[in-house]
Amino acid sequence: MTTNTDITPIGLLNGKVVFITGASRGIGAAAARLFAGEGAKVVLAARGTDALDRIVTEIRADGGVADAVTLDLADGASIRSAIGRVEELHGRLDGAFNNGGIPQQQFGPVDAISDEDIDEQFAVNFRSHWTAMTAEAALMRQGGGGAIVNTSSIGSRRANPALPAYGAMKRALNSLTETAAVNWAPANIRVNGITPGGTSTEMIDTWEAATPGIVEQITATIPLGRMAEPRQIAEAAAWLLSDRSSYVTGAILPVDGGAGA
Ligand SMILES: NC(=O)c1ccc[n+]([C@@H]2O[C@H](COP(=O)([O-])OP(=O)(O)OC[C@H]3O[C@@H](n4cnc5c(N)ncnc54)[C@H](OP(=O)(O)O)[C@@H]3O)[C@@H](O)[C@H]2O)c1
């Protein structure tokens, strides 16, 4: 089966201001290009300023609206300041894709994981999203509401023998996503999560380098028979950020080619 990624934009996110973390490469970079093509004014965040600037230049050359802001997810002040920059630029926030994340430094089992690795997983893959969501929701309230999408992982759903700290933080993120959806529904803020399966990005390249053959092993578990392209994950986030999903909140949506089924 072929994958059609050359889909004509339909203005799914027309006029919306959308903040994207982890936008310097992989799923976040694909989301930046897709959301801008669908009419969003995007603000791209990551540590890699040069990569962000290249994507901003590309989006502007195509007639889109994009800006970059430097962000370190390990640092709460940096997260709040990045969302402050969104307010300076646009005075509002309609959508946030909290997508930045890291693999573990060391792969499993549980008793092989260092305290440093656990702490880093907590800070970057969990606490950062809490901090970001809180700042995002405050800005969204000023505009009467919005939509937040958090990138979790198929690795949050069951035991995760190779990535135990990563799996634990992603499962905690699912809980936070569901709770925030309930807390903020009266403010007209929808909060959803996506659980991508194996996706062809640098994160998977890192895993393959540490564990040769893992890509083949993961692919063998995917009913659709191939890894996702980053754009295919971004498409699900675009829908959840759009008004076309206006009655969906508190959902954790698998985007995994059937691997979790
Ligand atoms: N690829 C997969 O198979 C897969 C599967 C399930 C879930 N996911 C999840 O999908 C999300 C995106 O992953 P990806 O595959 O696109 O990975 P990737 O290609 O490695 O990109 C990760 C992004 O996160 C940013 N980032 C990492 N640490 C950061 C920090 N401390 N501060 C700010 N930004 C930081 C990186 O930017 P800088 O390095 O420039 O800061 C980069 O833009 C992650 O949450 C990941 O857990 C991926």
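Is Thr151 buried or exposed? Select Thr151 and count: Thr151 is buried, because 27 other C-beta atoms lie within 10 Å. The cut-offs are 20 or more other C-beta atoms within 10 Å of a residue's own for buried, 12 or fewer for exposed, and partly exposed in between, with C-beta atoms placed from the backbone.

Before moving on, note that this is a predicted model: local features need pLDDT of at least 70, side-chain atom pairs count only at pLDDT 80 or more, and totals for chains, interfaces and linings use all residues. Residues are numbered from 1 along each chain as its sequence is written.

**Stop 1: around Thr151**

Thr151 sits in strand β5. Strands (E, at least two residues) and helices (H or I, at least four) are DSSP runs, numbered from the N terminus. Show the contacts of Thr151, leaving out residues up to four places away in sequence: Ile27, Asn98, Asn99, Gly101, Ile194 and Pro196. Contact here takes C-beta atoms, placed from the backbone, within 7 Å.

**Stop 2**

Select the strands. There are 7 in an open sheet, with parallel pairing, in the order β3-β2-β1-β4-β5-β6-β7. Pairing requires at least two DSSP bridges between two strands. β3 (65-70) and β7 (252-255) are the edges; each has a single partner strand, so one side of each lacks a neighbour in the sheet. From one strand to the next, the twist averages 20°. Axes for such angles are lines fitted to C-alpha atoms, for helices over the stretch in contact, and angles run from 0 to 180 degrees between N-to-C directions.

Pick β1 (residues 17-21) and β4 (residues 95-98): they pair in parallel over 3 bridges. Ile20 stands opposite Phe97 of β4. Then pick β5 and β6, parallel and joined by 6 bridges. Here Ala147 stands opposite Arg190 of β6.

**Stop 3**

Colour β6 by burial. Of its 8 residues, 8 are buried, so β6 is largely enclosed by the rest of the structure. Ile189, Val191, Gly193 and Thr195 point one way, while Arg190, Asn192, Ile194 and Pro196 point the other.

In the loop between α5 and β6, select Asn188. Its phi is near 65°, a positive value in a residue other than glycine. Most residues other than glycine have a negative phi, and most peptide bonds are trans. Asn188 counts as partly exposed because it has 15 C-beta neighbours inside 10 Å.

Now go to Pro109, in the loop between β4 and α4 (115-142). The bond joining Gly108 and Pro109 is cis, with omega about 5°.

**Stop 4: the cores**

Select Ala31, Ala32, Val42, Leu44 and Ala237: of the 61 residues in the largest nonpolar core, these touch the most other members. A nonpolar core is a set of buried Ala, Val, Leu, Ile, Met, Phe, Trp, Tyr and Cys residues joined through C-beta atoms within 7 Å. α1 gives the most to this core, 8 residues. A second, separate core has 8 residues, including Phe126, Leu163, Ala168 and Met169.

**Stop 5: the ligand**

Display the 30 residues around the ligand; Gly22, Gly26, Arg47, Gly48 and Gly101 come nearest. Near means a C-beta atom, placed from the backbone, within 6 Å. Both α1 (26-37) and α6 (202-210) supply at least two residues of this shell.

Notes: Two residues are in contact if their C-beta atoms, placed from the backbone, lie within 7 Å.
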